[in-house]
Amino acid sequence: MTDQHDQWKSREPWVVQDPDHKREWVMEQPLRYYIHQNKEKEWRVIDRWYDLAHGDTHKTRGAAIRAFYKSMDRKIPTGTKLPELPDSKYSG
């Protein structure tokens, strides 16, 4: 059986830009988690390697992001403003 991680090794390179400093970052493996909004306008984080939801649905994008980081033992400090990223696609 092939390791789920190995399936991504033959994919295109991944280059992303951070919104604060506009640096470009390259990764040896593709991004794993993404934000999704369903038809009921609820938010959750999806693990794209396994095509499964990570955690519960939330009423806001921010709540979904905060819950995700908390589940990874990386709580976001109270008062931290999450960046807004215009033109993002959250469904589909």
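Reader: Which residues make up the largest nonpolar core?
Author: A nonpolar core here is a set of buried Ala, Val, Leu, Ile, Met, Phe, Trp, Tyr and Cys residues joined through side-chain atoms within 4.5 Å, where buried means under 20% relative accessible area with a 1.4 Å probe, protein chains only. This is a predicted model, in which local features need pLDDT of at least 70, side-chain atom pairs count only at pLDDT 80 or more, and totals for chains, interfaces and linings use all residues. Residues are numbered from 1 along each chain as its sequence is written, and side-chain values use heavy atoms, leaving out hydrogens and water. With 8 residues in all, the largest core consists of Ile35, Trp43, Val45, Ala64, Ile65, Phe68, Ile76 and Leu82.

Reader: And which element gives the largest share of this core?
Author: Helices (H or I, at least four residues) and strands (E, at least two) are DSSP runs, numbered from the N terminus. Two elements, β4 and α1, each give two or more residues to this core. The largest share is 3 residues, and they come from α1.

Reader: Let's zoom in on Phe68: which residues does Phe68 touch?
Author: Phe68 is one of the core residues. Contact means heavy atoms within 4.5 Å. Leaving aside residues up to four places away in sequence, Phe68 touches Tyr33, Val45 and His54.

Reader: Which element has the highest mean pLDDT?
Author: pLDDT is the predictor's confidence in each residue, from 0 to 100. The protein chain has a mean of 88, with 91% of its residues at 70 or more. Among the elements, strand β1 (residues 14–17) has the lowest mean, 87. The highest, 97, belongs to strand β4 (residues 43–47).

Note on methods
Buried means under 20% relative accessible area, exposed over 50%, partly exposed in between (1.4 Å probe, protein chains only).
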